[in-house]
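User: Got a model open here. Can you walk me through some contacts and burial?
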Amino acid sequence: MRISFHGTLRIYALLILPLPLLIVVGYLLPTAGVLGWSLSLPQPGLQNYATILDTASIHTVIWRTLRICLLTTAISVTIAYLIAFRWRFASARGRMLIELFVLLPFWLSMLIRAFAWLVLLRNDGLVNQGLLTLGLVDEPLALVRNELGALIGMVHFMVPYAVLPLLSSMGQVDDSLLRASSSLGAGRWETLRNVFFPLTLPGVAAAMATVFVFSLGCFVTPALLGGGKAAMLAESIYIQMFQLSNWGLGAALSIVLMAMVAVCAVVFVKLVGVGRFTGRQA
C-alpha cells in the first residue's frame, strides 16, 4: 500500500504536533501568565520592576545568587573534569564503576541529600566531631546554615550534571592524536595542555552552562543548608509568593530569573556555538 506525498506530510505533522503543543501549553502559556502577574498585581504598571531596581536587599540576593552559582560552577566542573579524565583512561571495569558512582546520586532525592549534608556538617555532626577528635580544631566549625553549607550541598548535587557532558566530550577524543603528540616529543603534561584539553573545551563549556543554569534555580539545597542566611533568588521568589502573598513581586523576580537563564544561553551559544556542542561542527 502506497502513501501519497501529502499523506506522508500529514503523518509527520501528527508525529511532530505534540512537541509544539507541549511547549505552548507547558511553557509559553505559564510564562505569559507569570509575566502578566508581574505587570498587573497588585495593580497594573511596572511598580514591581521598579521595586527590584530600588531595593537593596533584592540586589543583595541577586548578587549572592550569582556569586554562589559561579563558585558552584567552577568547583563542580573542576571536580567533574578530574572524574571524567580518570574515566577516559580507565579500564572497562573502572569505567563501569565510575559511571555507577556518577549515576548513583540521581537515584536519591535532592531532599535526602540535603538532610544528609545537614547531619554531617552541623556542629555535632560527623565532620566536626572528627576534626575535634583529631585535634585539628578547638571548636566546631560553622559548616552549615551559611553560604559555605549551601555551596557544599550544591556542588555535591551539580557534579554529576557536569560529568555527563565531559564524558561525552572526552570519549570523542581520538587516541591517535595523543599518540602523535607523544611521538613528536611532547610530554604528558604538554599533550594534556596543548592537545587533550583544547579538544574537550566544548564539553567544559556545556558542563559550565548546565551547572550554572541549574544552580540559578536551586531552592531546596540552599534553603536547608543555608538556613536562611544564604537565601538565593529561587528562595526569595517562594517567600514573596507563599509567605508574603506578594504575587506581583514574586512574578517579577521569576521573570528576572528567566532573563538571567536566557542571557546565559545566548552567551553560551555565542561563545561555543550549537554546532560544536552537538558535535556537528569541527
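User: What is Arg88 in contact with, leaving aside its neighbours within four places in sequence?
Analyst: Arg88 is in contact with Arg95, Met170, Gly171, Val173, Asp175 and Phe196. Contact means heavy atoms within 4.5 Å. This is a predicted model: local features need pLDDT of at least 70, side-chain atom pairs count only at pLDDT 80 or more, and totals for chains, interfaces and linings use all residues. Residues are numbered from 1 along each chain as its sequence is written, and side-chain values use heavy atoms, with hydrogens and water left out.

User: Where is the place of Arg88, by helix?
Analyst: Arg88 is in helix α4, residues 56-88. Helices are DSSP runs of H or I with at least four residues, strands are runs of E with at least two, and both are numbered from the N terminus.

User: Is Arg88 buried or exposed?
Analyst: Buried, with a relative accessible area of 7%. The cut-offs: buried is under 20% relative accessible area, exposed is over 50%, and partly exposed is in between (1.4 Å probe, protein chains only).

User: Which backbone oxygen does the side chain of Arg88 reach?
Analyst: That of Val173, at 2.8 Å.

User: Phe196 was on that list. Which residues of α10 are buried?
Analyst: Thr191, Val195 and Phe196. They sit on the same side of α10, because they cover an arc of only 85° around the axis. The arc is that of the directions from the helix axis to the C-beta atoms.

User: What covers them?
Analyst: The cover of the buried α10 residues includes α4, α8 (147-171) and α9 (175-183).

User: How many residues does α10 have, and what does it reach from first C-alpha to last?
Analyst: Helix α10 (residues 188-199) has twelve residues and reaches 15 Å. That is close to the 16 Å expected at 1.5 Å a residue. The expected span is 1.5 Å times one less than the number of residues.

User: Switching to cysteines. How many disulfides does the count come to?
Analyst: Zero disulfides. The rule is a pair of cysteine sulfur atoms within 2.5 Å. Cys69 is in none, and the nearest cysteine sulfur, that of Cys218, is 7.3 Å away.

User: What about Gly226? Which helix does it lie in?
Analyst: Gly226 lies in helix α12, residues 220-226. At 0% relative accessibility, Gly226 counts as buried. Beyond four places in sequence, Gly226 is in contact with Arg145, Asn146, Ala150 and Thr221.

User: How far apart are Gly226 and Val173?
Analyst: They are 53 residues apart in sequence and 40 Å apart in space, C-alpha to C-alpha.

User: And Gln240, what does that touch?
Analyst: Not counting residues up to four places away in sequence, Gln240 touches Ser245, Asn246, Trp247, Leu249, Gly250 and Leu253. Gln240 is in helix α13, residues 233-243, and counts as buried at 15% relative accessibility.

User: Last topic, the whole protein. How many helices and strands?
Analyst: 15 helices and zero strands. Buried residues make up 35% of the 282 residues.

User: What radius of gyration does the protein have?
Analyst: The protein has 24 Å, whereas a compact globule of 282 residues would have one near 19 Å. The radius is taken over C-alpha atoms, and the globule rule is 2.2 Å times the number of residues to the power 0.38.

How values were computed:
A polar contact is a pair of N or O atoms within 3.5 Å; within protein, one must be able to donate a hydrogen and the other to accept it, and residues adjacent in sequence count only if both atoms are side-chain atoms.
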